[in-house]
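Dear colleague,

I am passing on the structure we spoke about, and my notes on it follow below. Please read them alongside the coordinates.

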Amino acid sequence: MGILEVKGINKRFGGLQALGNVNLSVAENTTHAIIGPNGAGKSTLLNVLIGKLIPDSGSVMFDGQSVLGRKPHEINQMGISRVFQTPEIFGDLTVFENVMIPCFAKRDGPFRMHAIESIFAEKGIQEQAEGILSDVNMLEKRHMTASSLSRGDKRRLEMAMCLVQDPKLLLLDEPTAGMARADTQNTIALLKEIREKRNITMAIIEHDMNVVFSLAERITVLAQGMPLVEDIPENIKGHPKVREAYLGEAQV
Amino acid sequence: MFGLEKKDARLLLLVATMAMFAPFLLNPFPEGSAMAQFNAGYPDLMQRFVIFGILAIGFNILFGLTGYLSFGHAAFLGVGSYAAIWSMKLVTMNIIPAIILAVIVAGAFALIVGYISLRRSGIYFSILTLAFAQMSYSLAYSVLTPITGGETGLQIKAHDTPLLDRALEAGQIGRANLFGFEMSNSVQLQLGGWEFTFNLGYYIAAIVMLGAFYLAIRIFRSPFGMMLRAVKSNQQRMNYAGLSPKPYTLAAFVISGMYAGLAGGLMVAMDTQVGPERMFWTASGEIVIMVILGGAGTLLGPVLGAGFIKYFENIISKINETILHSWFAFLPDGLEDFVVAMVYPFIGKGWHLTLGIMFMLVVIFLPGGLVQGGQKIAGLFQRRKSADAAKPNATEPAE
């Protein structure tokens, strides 16, 4: 039984069957990639996982509890963190503040009125934030405004914001989309390092095969809203159905 | 000091010093001189400086931090005022219970308005708050006349019998007091040609303002304040970081409503009367302009903006044609009339025109408000200083 169990998810948008009877099981402590050509339903599936979309039928269980119908912040409090395609960070705040906010969320829950205490008095939170920033090599940039960071640094910062909460599951939505080759390699290295250092479960949605095959321990292939195959990377590479799904268009 | 960082403590001390010495600072020109009309050191105006300062500080906690632009804060000011005057009518003419009640009632009202208005964001939120404020104004003006006194408003009259005070004589109008001391009590100090007025009401309001300012600094520097800035910056990320933005925004809304109630209560304490025009939408607009003019999201900005606007409202509107003629008397006759005719629209009742132009200039050239202007000037000096300091080392290689 995996930490994330998706069973029989169906989702229609008008006449389009975006997801048809999708089953997915992400085992604890693995990196699970979800791949598929454009329009395969990867993003729809992700949006179901994080509570943004409610499926027409099916169930999503995380750690023994249903995710469906919960608000995004409740899902995060259950232990799921998400990295977005374009990094979602607090652009007006400093790097340090960006990392402190998820620390407070983890410690105090979705809302707590700390209106009089000074931030500077929160030693525990500060240490936590400093620790994660040094883990991603951004400690010297702590006083910079987040919006002034480079694209790659924004991605690292977002990753740090997710990791500092010590999530049970980290969802990554095309973490290298639109990145230069060097940045992509850096991100792969960063993710590998995270995977080795922290026993964290990751689910990656990705286009870039290079990224997928360097990281994933299991791969699910989606095509036209249906799960095509699920297997280890070695078997996926040469799988005829996968080739067909990806290259089918090219043969026309 | 006071649990503040050094920089903030210095700012608080600066504001405290300015507030305490305001009767001197605002009266730089000797009595009877041509410039004396630019003096602002009289009790009525000084009280308004600090009371509107409180209002702007509170508004800034909502608008400056979360970015939610409320266009109805005058409603909380008005509700606070009505609550204060009813406390005086029914219980005692002492200002302390009146002000406390004003804060509580305004806070409760803000909770209701905020809960409903915060279902929407952006322009729709602004319109909802505006609608609430205009509804409050209309209610106070007509339907709720038994409570609000309608168009004429409320005063303390002889037939009001506060529970703890002795009754007024017929025809006497009640004045708020603090344990028997009336707010209009003043001490005059003559120094050479200068005359300085120390007014009890002003000092009480100033101390309350300093307390409000101190609290605002604490909120700005707290985790709660950081969350409010996060609301402004990226609500999506906030949600996915496990935080619920709405209660944070609502709390900020209620706090700023309580600040407005405090200001409303103080207004009644200084001048024991209230009318519905206090809740009119132009009053709400004025608060917005104060904060933007001074610098939204900064600590000092709202206070500066409030002072700036109240100064120009009172000083420029006092200038009339005769005064203009006396200023430009040195010019040849025809030219004098021409210059006076050109300047005339900007003074007296036309002071809004001057304010509008200044507002446009600030928003276009100093989007960070007067505070940004101050920083730019300070930066200019610092650069010169560091350039001077760098000269002796010019021969050494740069790092």
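The domain bounds used here come from an automatic or database domain assignment, and the model itself is a predicted one. On that basis chain A is divided into domain 1, which takes in 1-79 + 167-252, and domain 2, which takes in 89-166.

The centres of domain 1 of chain A and domain 2 of chain A, taken over C-alpha atoms, are separated by 27 Å. To the contact between them, domain 1 of chain A gives 11 residues and domain 2 of chain A gives 12 residues. On the side of domain 1 of chain A that touches domain 2 of chain A, the elements giving two or more residues are helix H2 (72-78) and helix H6 (181-197) of chain A, and the largest share, five residues, comes from H6(A). Sorted by class, that side of domain 1 of chain A has six nonpolar, four polar and one charged residues.

As for the chain as a whole, chain A has nine helices and 10 strands, and its C-alpha trace spans about 60 × 40 × 30 Å along the principal axes. The radius of gyration of chain A is 19 Å, which agrees with the value near 18 Å that a compact globule of 252 residues would have. Of the 252 residues in chain A, 43% are buried. Finally, if one takes the contacts in chain A between residues at least 6 apart in sequence, 67% of them join residues at least 24 apart.

With best wishes

Note on methods. Residues numbered from 1 in each chain as written. Chains lettered and ligands numbered in written order. Predicted model: local features only at pLDDT ≥ 70, side-chain atom pairs only at ≥ 80, totals over all residues. Contact = placed C-beta atoms within 7 Å. Helix = DSSP H or I, 4+ residues; strand = E, 2+ residues; numbered from the N terminus. Nonpolar A, V, L, I, M, F, W, Y, C, P; charged D, E, K, R; others polar. Rg over C-alpha atoms; globule rule 2.2 N^0.38 Å. Buried ≥ 20, exposed ≤ 12 C-beta atoms within 10 Å, placed from the backbone.
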